[in-house]
Amino acid sequence: MTDIRRIDPGPRLSEASIHGDRMYLSGMIPEDTSQDITGQVKQALGEIDALLAKGGSDKSKILSAVIWLADIGDFAAMNAVWDPWVVPGQTPARATVQARLNDPKMKVEIMVVAAR
């Protein structure tokens, strides 16, 4: 059995866990919730980029993504940021749903699983 490595563990969760050749990220959220959906998605994707790098991976190796939107009406605006961010030909399996997020100012949360 391969060891488990945790990145930035806290009392409630780790930012990411690595087991074997897989990296599991927690839901990434924007730090500045005063921004619109475009700004918030850019922030979350930036967090994903940084965390993947810490684990020895990158966005070309994302296997799956789950995106939660506070308002599904933001779907097109979210995709306008997502589409140029993903690597052409390396797009992950993905689900996008509307959900009530824990901060009413937060518009998006994104969780990914990536290979290393």
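Figure 1. Strand E1 (residues 4–9) pairs with strand E2 (residues 14–19) in the antiparallel sense over five bridges; two strands pair if DSSP finds at least two bridges between them. Helices (H or I, at least four residues) and strands (E, at least two) are DSSP runs numbered from the N terminus. The structure is a predicted model, in which local features need pLDDT of at least 70 and side-chain atom pairs count only at pLDDT 80 or more, whereas totals for chains, interfaces and linings use all residues. Residues are numbered from 1 along each chain as its sequence is written, and side-chain values use heavy atoms, with hydrogens and water left out. Four residues lie between E1 and E2, which form a hairpin. Across this pairing, Arg5 stands opposite Ile18 in E2.

Figure 2. Ile18 is found in strand E2. Its relative accessible area is 4%, so Ile18 is buried; buried means under 20% relative accessible area, exposed over 50%, and partly exposed in between (1.4 Å probe, protein chains only). Leaving aside neighbours within four places in sequence, Ile18 is in contact with Asp3, Ile4, Arg5, Ile7, Met23, Gly55 and Arg116, where contact means heavy atoms within 4.5 Å. Ile18 and Ile29 are eleven residues apart along the chain, and their C-alpha atoms are separated by 20 Å.

**Figure 3. Asp8 and its salt bridge to Lys54.** Asp8 lies in strand E1 and has a phi near 50°, a positive value in a residue other than glycine. The side chains of Asp8 and Lys54 meet in a salt bridge at 2.7 Å, N to O. This pair links distant parts of the chain, with Lys54 in helix H1 and Asp8 in strand E1, 46 residues apart. A salt bridge is a side-chain nitrogen of Lys or Arg within 4 Å of a carboxyl oxygen of Asp or Glu, and by this rule the count comes to one. Asp8 counts as partly exposed because its relative accessibility is 39%; Lys54 is also partly exposed, with a relative accessible area of 47%.

**Figure 4. Ser26 in the loop between E3 and H1.** Ser26 lies in the loop that runs between strand E3 (22–25) and helix H1 (37–54). Its relative accessibility is 18%, and Ser26 therefore counts as buried. The side chain of Ser26 reaches the backbone oxygen of Ser14 at 2.5 Å. Such a polar contact is a pair of N or O atoms within 3.5 Å; within protein, one must be able to donate a hydrogen and the other to accept it, and residues adjacent in sequence count only if both atoms are side-chain atoms. When neighbours within four places in sequence are left aside, Ser26 is in contact with Leu13, Ser14, Glu15, Ile110 and Met111.

**Figure 5. The largest nonpolar core.** A nonpolar core is a set of buried Ala, Val, Leu, Ile, Met, Phe, Trp, Tyr and Cys residues joined through side-chain atoms within 4.5 Å. The largest one has 26 residues, and those with the most contacts inside it are Leu25, Leu45, Ile48, Trp82 and Ile110. At least two residues of this core come from each of E2, E3, H1, strand E4 (62–69), helix H2 (75–85) and strand E6 (108–115). H1 gives the largest share, seven residues. Beyond its neighbours within four places in sequence, Trp82 is in contact with Leu45, Ala65, Ile67, Pro92, Arg94 and Ile110.

Figure 6. Met78, Asn79, Val81, Trp82 and Trp85 are buried in H2. Seen down the axis of H2, these buried residues fall within an arc of 165°, so they line one face of the helix; the arc is that of the directions from the helix axis to the C-beta atoms. They pack against H1, E4, E5 and E6. Ala76, Ala80 and Pro84 are exposed on the other side of H2.

Figure 7. Asp74 is found in the loop between E4 and H2 and is buried, with a relative accessible area of 18%. Leaving aside neighbours within four places in sequence, Asp74 is in contact with Ile37, Leu69 and Lys107. Pro104 lies in the loop between strand E5 (93–98) and E6. With a relative accessible area of 80%, Pro104 is exposed. Pro104 and Asp32 are 72 residues apart in sequence and 13 Å apart in space, C-alpha to C-alpha.
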